[in-house]
Amino acid sequence: MTLSQAEFTFVANLVRREASIVLAPGKEYLVEARLIPVARAVGAPNVNDFIADLQKRPNPQHQRKIIDALTTNETSFFRDREPFSALTDVVLPELIKSRASARKLRFWSAASSSGQEAYSLAITLQEALPAGWSYEIQGTDISTAMVERAQKAEYSQVEVNRGLPATQLVQYFERAGAHWRVIPALRKSVSFKHMSLTAPFPPMQPFDVIFLRNVLIYFDVATKRQVLQNAAKILRPDGWLFLGAAETTIGIDDNYERVAAGRTSAYRVRNAVPAGAGRRG
């Protein structure tokens, strides 16, 4: 069976309303494929009956399952590699100088999926920060299932093979049956929570670096602008914003400027005053 136009429209409207993700016509097969396991899990004979029942009797839990299923969770350790190299070569040396008195950094992995990005950040900081420095990494994701996976910090052999060097696997992971679990010493500085980027942001302490990668591409321009404006409010004045390779602030939010960061680029708030510096007259 295939989704009718009415069924697809219902799902597309739900996902747009709850997650601001745009599902354009032509995605019917993708939606049906993603929802087959969901329909089976709730005891529905097929996706069509599942959606029909949901239209008649709204169920917040089932709606959340649809959002989880249709949220793209493609990720890997050290994905795209260059942003992590930029951290080591450009960003951290600057922050180490400007945060010398505090000796503490805060990072936000804003679309953390199952946690690989956040733990990749932790490994990078663990190896690059001088002795005596500490860090906090906050991971957030709209999928409650992904947040639970990230908190569990267990990954299959296939997952750790994607982007994670063997030396770091041995150093920062321990065996957990057939899986690999992040060691407690690394997990203690990383936390995860459910959060929608398109809803008003909850109170959050400022961050030195924000990784907001590979998520804006799913939003319309107005939503992208709102997310970027909200991110700017919790990014320290001299902080750094990293987006995905196919994403930019240009033409969306002119409060940011793109700057070179090694072999990639990052974004900083325009006319920001670096920490510890005075405003020029």
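This is a predicted model: local features need pLDDT of at least 70, side-chain atom pairs count only at pLDDT 80 or more; totals for chains, interfaces and linings use all residues.
1. **Helices α1 and α2.** Helix α1 covers residues 5-19, and helix α2 covers residues 28-41. The two pack at an angle of about 75 degrees. Their axes are 11 Å apart. Angles of 65 to 115 degrees count as roughly perpendicular, and α1 and α2 are therefore roughly perpendicular to each other.

2. **The α1/α2 contact.** From α1 come Gln5, Phe8 and Val11. They meet Glu28, Val31 and Leu35 of α2. By class, the contact has four nonpolar residues, one polar and one charged.

3. **The open sheet.** Three strands make up this sheet, in the order β3-β5-β4. Pairing is antiparallel. β3 (154-155) and β4 (173-176) are the edge strands. Each has a single partner strand, so one side of each has no neighbour in the sheet.

4. **The β3/β5 pairing.** Strand β5 spans residues 179-182 and is joined to β3 by two bridges. The two strands run antiparallel. Glu154 lies opposite Arg181 of β5.

5. **Strands β7 and β8.** β7 (residues 207-212) pairs with β8 in the parallel sense, over five bridges. Leu212 has Leu243 in β8 as its bridge partner. Between the two strands, the chain passes through helix α11 (residues 221-233). This β-α-β crossover is right-handed.

6. **Burial of β8.** Is β8 mostly covered or mostly open? Mostly covered: seven of the nine residues in β8 (residues 235-243) are buried. Buried here means under 20% relative accessible area.

Key: Residues are numbered from 1 along each chain as its sequence is written. Side-chain values use heavy atoms; hydrogens and water are left out. Two strands pair if DSSP finds at least two bridges between them. Helices (H or I, at least four residues) and strands (E, at least two) are DSSP runs, numbered from the N terminus. Buried means under 20% relative accessible area, exposed over 50%, partly exposed in between (1.4 Å probe, protein chains only). A crossover is right-handed if, with the strands pointing away from the viewer, the path from the first strand over the helix to the second runs clockwise. Axes are lines fitted to C-alpha atoms, for helices over the stretch in contact, and angles run from 0 to 180 degrees between N-to-C directions. Angles under 35 degrees count as roughly parallel, over 145 as roughly antiparallel, 65 to 115 as roughly perpendicular and the rest as oblique. Contact means heavy atoms within 4.5 Å. Ala, Val, Leu, Ile, Met, Phe, Trp, Tyr, Cys and Pro count as nonpolar, Asp, Glu, Lys and Arg as charged, and the others, Gly among them, as polar.
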